[in-house]
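Dear colleague,

My notes on what was found in it follow.

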Amino acid sequence: MVRLPKVLFLMLMTFLAGCGESEFRIGFSAPLSGHYAEMGRQGEMGVLLAVETLNARGGIMGRPVKLIVRDDEGTRSGAVKADMELAEADVCAIIGHMTSSVAMATLPLMKQHGIPYISPTVSTPHLTGIKDLFFRVQPENTEWAAGLSTFLFTHTDVRSLLLAEDIDNSDYTFTVNDAIATSFQNDDGKIIGRMQFSARDNHWIKQLIHGVERTRPDAVVLAASAHDFAEFAKAFRPRFPDTMLVMSSWAVTPGMIKQAGQAAEGVISAISYTDDNSHPDFLDFVKRFKKRFGIRPGFAAARAYDAMLVVATGLEKAGGDPDALPRNLAPMLKVPGVTGTFDLDEYGDVKRPVYILKVENGRFRTLEMP
């Protein structure tokens, strides 16, 4: 019997415990602290539920899934640090990130380490139609932005908009408001102002309020996180009770409504997700999520669950070979998502229907489609 030196034995055991052998190691990188933490925590719960469900069914091809979680802090530098740690942990794939600008910052890291990223929520058009290691289960934001603009013009009396955007996630916020502005102006609507701010500036809400007072728009469109949108809504609503408040999909979370309280009532948004979906798979997901975590899931949780299913489907297509995973992710057909089957195109992008939402009685309600 040949005995291996202790150091070689430990190295062998580390290799065998890695992504390609006894278990599949999957990374999750998202903001679990800071302003963007609610979306990150929802995403973490969604992917955790997916991993637990897979493991209860025997894992992927008989191998268990191990989830390794890192906090990207919602910053570019935090994301690079988190993903370096996940690369060193020998993960097959990283589920993340949750914000567009952070995802853009990690593109060189994807290429360097050859690790595929499957984002639950990133929707910037800057990553559309590119064959790379980035994949997503959330559609490009210009699709819902155009639908939202059309709805405002055809189903409300809104004819003028003030647009506002957080520069700290500009790859998302700028592109969202660009699409809204283009569509609204094509419908003969008027953009009477566009304001940019950093939510890290303690005076940003006061500055936006002054902008509304100066321009007097029919509606204010705010592209910001759930936390920041809620804080603005609380300051905005008492002063402008008759001005419509519109939010980007970034803020469509249960926490936004809880934080904003009455100020959230009547807020309009658009997203490729609806909380009152009657699909049997969605109802089952909501039931299991509430039982596991005691709260109702938001879109970030559902999309993170879907992202884990993309990884599982890709590994099965790849015959369990992590090195073959990227080329088996796109095009991908028939992923059994929580709101029904979906697929990724050859570029790793996805198409989904757009829903117009309104906050009524503390819940997101789906309105008539435009």
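Which element gives the most residues to the lining of the largest pocket? Helix H12 does, with five residues. Please bear in mind throughout that this is a predicted model.

The largest pocket holds about 310 Å³ of space. Its lining comprises 18 residues, and those closest to the centre of the pocket are Thr 53, Arg 57, Tyr 305, Leu 309 and Pro 336. Besides helix H12 (299-317), the elements that give two or more residues to this lining are helix H2 (37-56), helix H11 (280-293) and strand E11 (332-337). Sorted by class, the lining of the largest pocket has nine nonpolar, five charged and four polar residues.

The structure also holds one cavity of 30 Å³ or more. The space in this largest cavity amounts to about 80 Å³. A total of 13 residues line the cavity, and Met 98, Thr 121, Ser 123, Tyr 172 and Trp 250 lie nearest its centre. Seven of the lining residues are polar and six are nonpolar, while no charged residue takes part in the lining of the cavity.

Two of the residues named for the cavity, Thr 121 and Trp 250, are also contacts of Thr 99. Thr 99 itself is found in the loop that runs between strand E3 (93-95) and helix H4 (100-105). Is Thr 99 buried or exposed? Its relative accessible area is 4%, so Thr 99 is buried, the cut-off for that class being under 20%. When neighbours within four places in sequence are left aside, the contacts of Thr 99 are Tyr 36, Met 39, Thr 121, Val 122, Asn 169 and Trp 250.

As to the protein chain as a whole, twelve helices and 14 strands are present. The radius of gyration is 21 Å, close to the 21 Å that the globule rule gives for 370 residues, and the chain is therefore as compact as a globular protein of that length. The C-alpha trace spans about 85 × 40 × 35 Å along its principal axes. Among the 370 residues, 56% count as buried. Of the contacts with a separation of 6 or more, 68% are accounted for by residues 24 or more positions apart. The chain exposes about 15,600 Å², of which carbon and sulfur atoms supply 53%.

With kind regards

Methods. Residues numbered from 1 in each chain as written. Predicted model: local features only at pLDDT ≥ 70, side-chain atom pairs only at ≥ 80, totals over all residues. Heavy atoms only, no water. 1 Å grid on protein atoms, 1.4 Å probe; cavity = no way out; pocket = protein on both sides within 12 Å on 5 of 7 lines; lining within 4 Å. Points joined across faces, edges and corners; volume = space filled by probe spheres on them. Helix = DSSP H or I, 4+ residues; strand = E, 2+ residues; numbered from the N terminus. Nonpolar A, V, L, I, M, F, W, Y, C, P; charged D, E, K, R; others polar. Rg over C-alpha atoms; globule rule 2.2 N^0.38 Å. Buried < 20%, exposed > 50% of the residue type's maximum accessible area, 1.4 Å probe, protein only. Contact = heavy atoms within 4.5 Å. Areas by Shrake-Rupley, 256 points an atom, 1.4 Å probe, with all protein chains shown as cover.
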